[in-house]
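Subject: Structure handover

Hi,

Here is the structure I promised to pass on.

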Amino acid sequence: MNVAKLTSGLATRRCLRTVAPARLSRGLCTRVAASASSSGDFDFDLFTIGAGSGGVRGSRFAASYGAKVAVCELPFDFVSSETRGGVGGTCVLRGCVPKKLMVYAAEYADDFRHAAGFGWSVPSEGLQHSWTSFIEAKRKELQRLNGAYKNTLNNAKVTLVEGRGRVVDPHTVEVDGKRYRAKNILIAVGGRPSRLDIPGAELCITSDEALELPACPRKVAVLGGGYIAVEFSGIFARMGAEVHTVFRQPLPLRGFDEEVRKFATDQYVASGLHLHPRMTPQSVSRQLDGRLSLTLGHADGTTEVLTDLDQVLMATGRVPNTRGLGLAEAGVSMGPKGQVLVDEHCRSSVPSIWAVGDVIDRIQLTPVALMEGMAVAKSVALGQPTQPDYWAVPSAVFSNPEIATVGYTEEAATEKFGDVDIYTTSFRPMRNTVSGSPIRTFMKIVVDAASQKVVGMHMVGAEAAEIMQGFAVAVKVGVTKAQLDSVVGIHPSAAEEFVTMRSVTRQVRRAAATA
Ligand SMILES: Cc1cc2nc3c(=O)[nH]c(=O)nc-3n(C[C@H](O)[C@H](O)[C@H](O)COP(=O)(O)OP(=O)(O)OC[C@H]3O[C@@H](n4cnc5c(N)ncnc54)[C@H](O)[C@@H]3O)c2cc1C
C-alpha cells in the first residue's frame, strides 16, 4: 500500500464501512486523528511493551506506515531468570529457534546411527558430541539474531527503550521510572513457563533452562504432554538420554487429531521414549548423590518413583507475563489466566490499549503473533480496522517423528460439518526401509462430505512441517478433494501421498455419530 497516497478521508471512509458507530466513538480509527503526528499531548502514536514476535512486527509496520513508535524490552540475558528479555523475544531467544537448533543437533545422532544401513561405518574411536561447543554455537547465533532484530527496529525508525515497561494509565507507559505518553499502547509481553505447585518444584527446570543446560542429561523426566514436552523428549532421547515423559491424559498432544495422537504415540515408543500416561507428578526430591527422584501418582492411589534423574523438565504450560503490568488498574479486562481479553481487532476493553501474541492466549504460535501484530499496525497506523484471520493456521510439532497439521481434526470437522470423508495412509518411508529405523509415516485428509472441500490435513513423519506449509495454502483457499487428486505427484517423495489417496478410508456420518 502506498501510504503517501492514503488520505485521512479514505481511511475514515474505510472505517465507517466496517465499524459500527458505537465502536467509532471508542476511537477505532485512531490513525486518522492521531498518527500523522504525535504532537500535542503524546510522545508517540504507539508505544509497545515487549519486543518479541508480535511487538516487533506491530511496531515496525506501524512505523513503516508513518506512525511514531517506541518499544520497550528487557535486556538480553541467557542466564538470570528474572531478566531473560531480549529483542526478538521467546521465539528467537528461548523458543522456536534455539529449540529447532537442538532438534537439528539431535537429528544428526539419528542420521549417524541409521547411516550404517546405507553402508557407512562409524570410525573405530566412535562418534563424539561436544555439548559445550554446540551450546556455544547456538548462543552465538542467538546473539546474532538479537542484533539483527535490533537493527530491524532501528532501520524502521522505532525508538527502542531498554527496561521493564508498566502501564500507568490508558495513555502512559513507565519504563524504569521514566514516563512516555502514547496515543495507543500495544501489550506484547508474551508468556513464561508455569511450574506445577508440588514439593521440590524448585529443583526442576523449564524449557528456558533446558535450552541452556551445561551437559546433556543421561536420564531425564519430562513432565507434560504438550508439544514442548514431546519436542524436548525427542531431543534428549536422540542425544542419547533415557527419557521418561509423564502426562495426565491417556495420550499426549491434547487438541490434535485423535488418530494422529495415537499414531504419534506409537512412534514415540518405537523411537525409545518411556511414556507414563495417566500419571500425576507428586513430588521431586534430591538424592544423596545429587540426582533427583520423582514420585508419580496413579488415579488408583498407587505411586511410582523414578530415580537417578539428572533433570526433571516441567513443560506444563505457559502463563501470560501480565503480573505487575498495571493493566487491571488501567481498566483493562483480564481473563482468569491473566491474559488480556481483546476483541476481533486485538483491542482491549480500554480503547487505546491493544494486545497481541501469547499474552492474549488465543493460538500461541509465532506466525499468529506476527499476524496479530500486523493487524494492529494497520488498525492503529493506517486507520484500517483489521482482523487477524485464524482459519487454517498450520502448525508443527518437531518431535521424533515430526507432526504437522492444518485445519480441522476429524473430531472437530465431524462436529462442525456432520458428514466427513476421511482418507488415511500409513507406510514405512523409503529411507527407513534401508536404514532400519522403525519409524513410520501417517497422512490424513479430512473432507467435508457435502462440499467435498478439504478442511483438514495431518501428517506424522519426516519433513511433515515442510510438506504441510504448501498444502496449507491449498486448504486456506478452499481446495476440493477432486482438485487435490488432479495434481501430479513428485516421485519418489512422501508428500505425493497427499495427492494420490484415492479411496476413502471411512465415511463419518452425522446420524451414525449421534446414534
Ligand atoms: C520452547 C518453546 C518452543 C516454541 N516453539 C515454537 C515453534 O516451533 N513454532 C512457533 O510458531 N511457536 C513456538 N513457540 C511459541 C512462540 O515462541 C510464541 O508463540 C511467540 O514467541 C509469541 O510471541 P509474543 O510476541 O507474543 O511474545 P514473546 O516472543 O514472548 O515476546 C514478549 C517479549 O516481551 C518482553 N517483556 C515481557 N514483559 C515485559 C515488560 N514488562 N517490559 C518490557 N518487555 C517485557 C519479554 O522479554 C519478551 O521478549 C515456542 C515457545 C517455546 C517456549
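Predicted model: local features only at pLDDT ≥ 70, side-chain atom pairs only at ≥ 80, totals over all residues.

Numbering runs from 1 along each chain as its sequence is written, and side-chain values use heavy atoms, leaving out hydrogens and water.

First, the site. An unreviewed UniProt entry lists a "binding site" that includes Gly226, Glu231 and Gly317; such annotations may be inferred rather than shown by experiment. The listed residues span 94 residues in sequence, yet no two of their C-alpha atoms are more than 13.6 Å apart, so they gather at one spot.

Glu231 lies in helix α9 (helices are DSSP runs of H or I, at least four residues; strands are runs of E, at least two). Glu231 counts as buried because its relative accessibility is 1%, whereas Gly226 counts as partly exposed at 32% (buried is under 20%, exposed over 50%, partly exposed in between, with a 1.4 Å probe and protein chains only). The Glu231 side chain also makes a polar contact with the side chain of Lys99 at 2.8 Å (N or O atoms within 3.5 Å, one able to donate a hydrogen and the other to accept it; residues adjacent in sequence count only if both atoms are side-chain atoms).

Now the sheet. Three strands form an open antiparallel sheet in the order β11-β12-β13 (strands pair if DSSP finds at least two bridges between them). Its edge strands are β11 (280-286) and β13 (303-309).

Cheers
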